[in-house]
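Please keep the display in view while I talk.

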Amino acid sequence: MNKNFKGENKMLNFTFYSPTYFAFGKGKQEEAGKLVSRFGGHKVLIHYGGGSVKRSGLLDAVCASLQKENLPYLELGGVKPNPRSGLVYEGIELCRKEQVDFILAVGGGSTIDSAKAIAAGAVYAGDFWDFYEGKLIEHALPVGTILTIPAAGSEGSPDSVITKEEGMLKRGATGDAIRPCFSILNPELTATLPKYQVACGGADIMAHIMERYFTNTKEVEVTDRLCEGLFCTMLKELPKAVRNPADYDAQANIMWAGMTAHNNVVGVGREQDWASHNIEHELSALYDCAHGAGLSVIFPAWMRYVYKHDVMRFAQFAARVFGVTMDFQNPEETALEGICRLQNFWSSLGLPVSFGELGAKEEDISFMAENIAYGETGIGNFVKLKAEDVKEIYRLAL
Ligand code: NZQ
Ligand code: ZN
């Protein structure tokens with residue numbers, strides 16, 4: 001070790017492996033067939049959701065692109081938002097029976113996550129749900145994606161989130177094996193999105209930044225500044241895209257922000273939190289609401305519950321991203337003003353910011369809080385939380 005580096009080094013050691021090939025821009029879906037061939041696919045399962053890709057003509061364009069490359073394919077549609085395990089089992093069976101060797105997800109985070117689950121399950125002898133109970137995904141069929149909504153960041157992440165119908169358990173699995181080998185990001189494909197979905201997607205992207213930003217790791221200026229830059233981009237571009245989902249320039253910026261917010265380039269070398277995501281997943285599992293809508297209810301409540309742990313970090317966030325004047329005599333005021341501005345911003349976009357607006361019920365609080373898997377130490381890292389803390393956070397969101 002070099003003796004010139006004295007004292008405690010604060011940025012954490014890390015590895016960063018993000019091998020996804022991104023094809024970004026207008027018309028890029030026409031390259032789907034070529035990219036499948038390039039990444040070794042011979043027989044493709046096209047996976048999609050409830051029909052938006054049929055209505056927009058995207059599915060036809062993708063099929064034509066595969067045909068051009070002489071690639072045989074099968075289709076499996078019907079992925080629901082908050083994707084379910086039932087369709088994953090169906091997809092695994094189909095892949096094995098038809099000897100599929102490549103999965104092409106055409107849609108949003110739900111479709112991509114379902115595709116990743118099928119990809120991992122198809123080459124695994126046990127029950128694919130093992131991965132959603134903590135087993136690392138080390139092998140999977142290759143997955144390519146064509147993204148239609150900037151939100152979850154699954155197009156560049158090693159994660160997948162699935163809901164098991166029995167008990168409505170919404171759980172995540174991870175492993176570099178399920179990072180997409182390619183992702184096609186064409187902002188034109190987002191023009192058909194309902195405004196509410198644009199807003200929900202934006203809230204999710206902002207939450208992915210904040211899960212990384214609120215950290216106990218010191219001296220991480222580069223990732224702090226990257227997070228702040230991305231967050232400011234969302235504050236500028238998201239209202240434009242919600243007003244007009246066909247605003248190409250706004251959607252292009254949001255689409256790349258959504259990928260960057262979650263492939264972890266802005267999160268390496270620092271402890272990350274993720275309690276709000278865990279707390280939210282109970283809402284979207286129980287009420288089947290959009291994940292981003294659940295986050296816009298939970299995140300401000302989590303912030304109010306934990307900000308005293310590091311008031312200056314919250315005050316810095318408020319000053320740097322919302323332009324709140326720093327009150328050095330009373331930084332708590334600055335911190336709280338930042339939380340208010342975040343909540344008002346989301347509210348102004350038509351997002352729910354309370355249980356009532358989401359359709360969630362106070363009497364379900366205990367069930368949801370106790371349904372979370374806390375492990376031995378609790379959820380979150382900024383502040384460790386147990387069921388009693390989570391109940392308080394839900395109550396703050398009432
Ligand atoms: O199913 P279709 O008909 O395609 O309709 C979808 C769906 O109803 C619609 N939509 C998508 N693109 C469209 C469109 N409608 C018109 N035009 C388009 N271009 O939008 C609705 C929502 O789609 P969904 O895929 O559910 O959205 P999102 O991308 O927000 O994904 C949410 C899921 O991702 C998980 C969430 O928990 C949730 O289950 N997450 C996954 C992560 C990951 N894998 O890394 C991380 C995230 O934190 C998140 O937890
Ligand atoms: Zn999320």
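The shell around ligand 1 draws at least two residues each from helix 5 (109-122), strand 6 (159-164), helix 6 and helix 9, where helices (H or I, at least four residues) and strands (E, at least two) are DSSP runs numbered from the N terminus. This is a predicted model, in which local features need pLDDT of at least 70 and side-chain atom pairs count only at pLDDT 80 or more, while totals for chains, interfaces and linings use all residues. Residues are numbered from 1 along each chain as written, chains are lettered from A and ligands numbered from 1 in the order written, and side-chain values use heavy atoms, without hydrogens or water.

Domain 1 (21-190) and domain 2 (195-396) both contribute residues to the shell, so ligand 1 lies between them; the domain bounds come from an automatic or database domain assignment. There are 33 residues around ligand 1, and the closest include Gly50 and His208, where near means that a heavy atom of the residue lies within 4 Å.

Now to the zinc ion (ligand 2), which is coordinated by Asp204 (OD), His208 (NE2), His277 (NE2) and His291 (NE2) at 2.0 to 2.2 Å; donors are N, O and S atoms within 2.8 Å of the metal (3.2 Å for Na, K and Ca), and because water is not among the atoms, sites may look incomplete. Asp204 sits in helix 6 (residues 195-213) and His277 in helix 9 (residues 275-287), so this pair ties together parts that are 73 residues apart in sequence. Asp204 and His277 are both buried, meaning under 20% relative accessible area, with exposed over 50% and partly exposed in between (1.4 Å probe, protein chains only).
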